[in-house]
There are 2 protein chains.
Amino acid sequence: MINPLNSLITALKQLPGVGEKTALRYAFHILNANPDDIRELIGSIKRVREELRLCSSCFNLTDIDPCVICSDPKRDSGRLCVVETPLDLMSVEKSGRFKGVYHVIHGLLSPLDAIGPDDIRIKDLIDRVESGDIEEIILALNPTIEGEATASYLAQKVRSKNVKVSRIAYGIPIGGSLEYADPLTMSRALENRTEI
Amino acid sequence: MINPLNSLITALKQLPGVGEKTALRYAFHILNANPDDIRELIGSIKRVREELRLCSSCFNLTDIDPCVICSDPKRDSGRLCVVETPLDLMSVEKSGRFKGVYHVIHGLLSPLDAIGPDDIRIKDLIDRVESGDIEEIILALNPTIEGEATASYLAQKVRSKNVKVSRIAYGIPIGGSLEYADPLTMSRALENRTEI
């Protein structure tokens, strides 16, 4: 195999879910793409690495501080949605249904992996709650063991501060089929049934 | 969406088969990867673009001219395998069964797309054949209409030069199931049956 191509393939295989064949396809695309596209690709990789930092208020990724969401006067700063990662935040944003602000905790409590409250952005969250003005905290964490543990921990920490704590609903996804729902999802959907 | 991230996602979506979600995953990987990996990724993209050229003999991609295959004295230069692309060449090489040399024609004849013999590396192939020393030409072209047309054209051009022309076998793939073979593959497999 030709050397420069080989090292590009090795580098591309670092991307999540990319094996030999996909890396090869990407490499040939890169080889044949027009110079402007390649300049843009390299430039945007560098910019992402150099210009992105965490918002000092919500810890989302941003190129300006505070981020566009935190500094938007139209957002309801009394409603705080807690998410694990910036990707989860994007997912909530895309729904278009949440008009409050966020707090990204960058991880979940996991005693097995020795991740405790001091390893994630929980202290900053408590500080925000204590500084007042927050009426409701909406927990939007993954329905995993770590997500549940983190949600319970947060609910317990915040409850005493006279703040309403809620969590997003877990159940059958829209467009999903009851036939294929796993038993855990189905039991959650039954538990959390709502009157109509 | 944050701007530098957005432009990286746009750039990554240019890669073949990459949509919004995959680009997002790649972008976050790039954001969080260690600096050495990113330097290597950018470096190898640049090197592939700057250092790769076509071998003046076989027109495969190479960083030295003639390429490692053409300049290998252990390869049988009397046997020439004709492939469409460097990727196809790699596929033949990986089988480990071909010890001759190659000729990459970089395209297939396609009257509908106005691609004629002068648009691909056919003239160079004829020149190599005419310069003597070549005993057999093995056509390893895709079994498509364009592949067939190109194979017929080449066979006809070369036949008069006292050179043996063969083509790779098309049939049921090893590990494939007869049950799922398409009718065309099956009829090819029947036509090209070999005595045992």
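Predicted model: local features only at pLDDT ≥ 70, side-chain atom pairs only at ≥ 80, totals over all residues.
Residues count from 1 along each chain as its sequence is written, and chains are lettered from A and ligands numbered from 1 in the order in which they are written. Local features need pLDDT of at least 70, side-chain atom pairs count only at pLDDT 80 or more, and totals for chains, interfaces and linings use all residues, while side-chain values use heavy atoms, without hydrogens and water.

**Interface.** Select chain A and chain B together. The interface has zero salt bridges, a salt bridge being a side-chain nitrogen of Lys or Arg within 4 Å of a carboxyl oxygen of Asp or Glu.

**Aromatic pairs.** Next, pick Tyr26(A) and Tyr26(B). Their rings pair edge-to-face, 6.0 Å centre to centre, with 70° between the planes. Rings of Phe, Tyr and Trp (its six-membered ring) pair if their centres lie within 6.5 Å; planes under 30 degrees apart count as stacked, over 60 as edge-to-face and the rest as tilted. This pair crosses between chains, from helix H2 (residues 20-32) of chain A to helix H2 (residues 20-32) of chain B. Helices (H or I, at least four residues) and strands (E, at least two) are DSSP runs, numbered from the N terminus. Buried means under 20% relative accessible area, exposed over 50%, partly exposed in between (1.4 Å probe, protein chains only).

Move to Phe98(B) and Tyr102(B). They are edge-to-face too, at 5.2 Å and 65°. Phe98(B) is buried at 11%, and Tyr102(B) at 1%.

Select Asp88(B) in helix H4 (residues 86-95) of chain B. Asp88(B) is buried without a salt bridge; the nearest side chain of opposite charge, Lys21(A), is 10 Å away. Lys and Arg count as positive and Asp and Glu as negative; His and the chain ends are not counted. Beyond neighbours within four places in sequence, Asp88(B) contacts Val83(B) and Asn142(B).

**Backbone stops.** Go to Asp65(A) and Pro66(A): the peptide bond is cis, omega near -5°. Pro66(A) sits in the loop between strand E2 (61-62) and strand E3 (76-83). Finish at Asp133(B), a non-glycine with a positive phi of about 70°. Asp133(B) is exposed, at 70% relative accessible area.

How values were computed. Contact = heavy atoms within 4.5 Å.
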